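Reader: I would like to go through this model with you, one topic at a time. Could we begin as soon as it is on the screen?

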Amino acid sequence: MPAMHYTIRWPDATESTCYSPSLVIRDFFQPGQSYPLDDFLSRVREATTIASDRVRAKFGFACSMAADQLITIEARASAFADTPGAQVRVVAFDTEAA
């Protein structure tokens, strides 16, 4: 199953490299595009759930790395919850063979 990493830039200009066990992230985001924080979180939750469900369908169990990544993203995003106009930019996709 192809996995991928993707780089995001937070409202404070720091970057994080994130993991998805599926290429489904590409269906939800465009590199170079910025998303309002709430929209970003909604999209990443849905994409991560779909990715984990694909792992479950193929291997019989959900992807714990995807779940951990979502927890990390949500924790980091919480720092910007009160920032007016906070946006997350999807910088790049980096696919890899799994």
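Reader: Where is the place of G85?

Author: G85 sits in the loop between α3 (64-78) and β4 (87-96). Helices here are DSSP runs of H or I with at least four residues, strands are runs of E with at least two, and both are numbered from the N terminus. This is a predicted model, in which local features need pLDDT of at least 70 and side-chain atom pairs count only at pLDDT 80 or more, while totals for chains, interfaces and linings use all residues. Residues are numbered from 1 along each chain as its sequence is written, and side-chain values use heavy atoms, with hydrogens and water left out.

Reader: Is G85 buried or exposed?

Author: G85 counts as exposed, at 66% relative accessibility. The terms are set by relative accessible area: buried is under 20%, exposed is over 50%, and partly exposed is in between, with a 1.4 Å probe and protein chains only.

Reader: What pLDDT does the chain average?

Author: The average is 93, and 95% of the residues score at least 70. pLDDT is the predictor's confidence in each residue, on a scale from 0 to 100.

Reader: Which elements have the lowest and the highest mean pLDDT?

Author: The lowest mean among the elements of the chain is that of β4, at 89, and the highest is that of strand β3 (residues 34-36), at 98. Where pLDDT is low, the predicted coordinates should not be read in detail.

Reader: Turning to backbone angles, what is the phi of A13?

Author: A13 has a positive phi of about 75°, although it is not a glycine. A13 lies in the loop between β1 (3-9) and β2 (15-20), and it counts as exposed at 54% relative accessibility.

Reader: On α2 itself, how far apart are its end C-alpha atoms?

Author: They are 32 Å apart, which agrees with the 33 Å that the 23 residues of helix α2 (residues 37-59) should span at 1.5 Å a residue. The expected span is 1.5 Å times one less than the number of residues.

Reader: Which residues of α2 are buried?

Author: They are L37, F40, L41, V44, A47, T48, A51, S52 and V55.

Reader: How many salt bridges does a search of the whole structure find?

Author: The search finds 4, a salt bridge being a side-chain nitrogen of Lys or Arg within 4 Å of a carboxyl oxygen of Asp or Glu. One of them joins R76 and D12, with the closest N and O atoms 2.8 Å apart. Because R76 lies in helix α3 and D12 in the loop between β1 and β2, this pair ties together parts that are 64 residues apart in sequence. R76 is partly exposed at 27%, and D12 is partly exposed at 39%.

Reader: What does E74 pair with?

Author: E74 forms a salt bridge with R45, the closest N and O atoms being 2.5 Å apart. E74 is in helix α3 and R45 in helix α2, so the pair links parts 29 residues apart in sequence.

Reader: Where do R43 and D39 lie?

Author: Both lie in helix α2, 4 residues apart, about one turn of the helix.

Reader: How many disulfides does the structure hold?

Author: It holds 0 disulfides, a disulfide being a pair of cysteine sulfur atoms within 2.5 Å. C18 is in none, as the nearest cysteine sulfur, that of C63, is 13 Å away.

Reader: Are C18 and C63 buried or exposed?

Author: C18 counts as buried at 1% relative accessibility, and C63 is buried with a relative accessible area of 11%.

Reader: Lastly, where is the place of S22?

Author: S22 is in the loop between β2 and α1 (25-28), and it counts as buried at 3% relative accessibility. A polar atom of its side chain lies 3.2 Å from the backbone nitrogen of V24.

Notes:
Polar contact = N/O pair within 3.5 Å; in protein donor to acceptor, adjacent residues only side chain to side chain.
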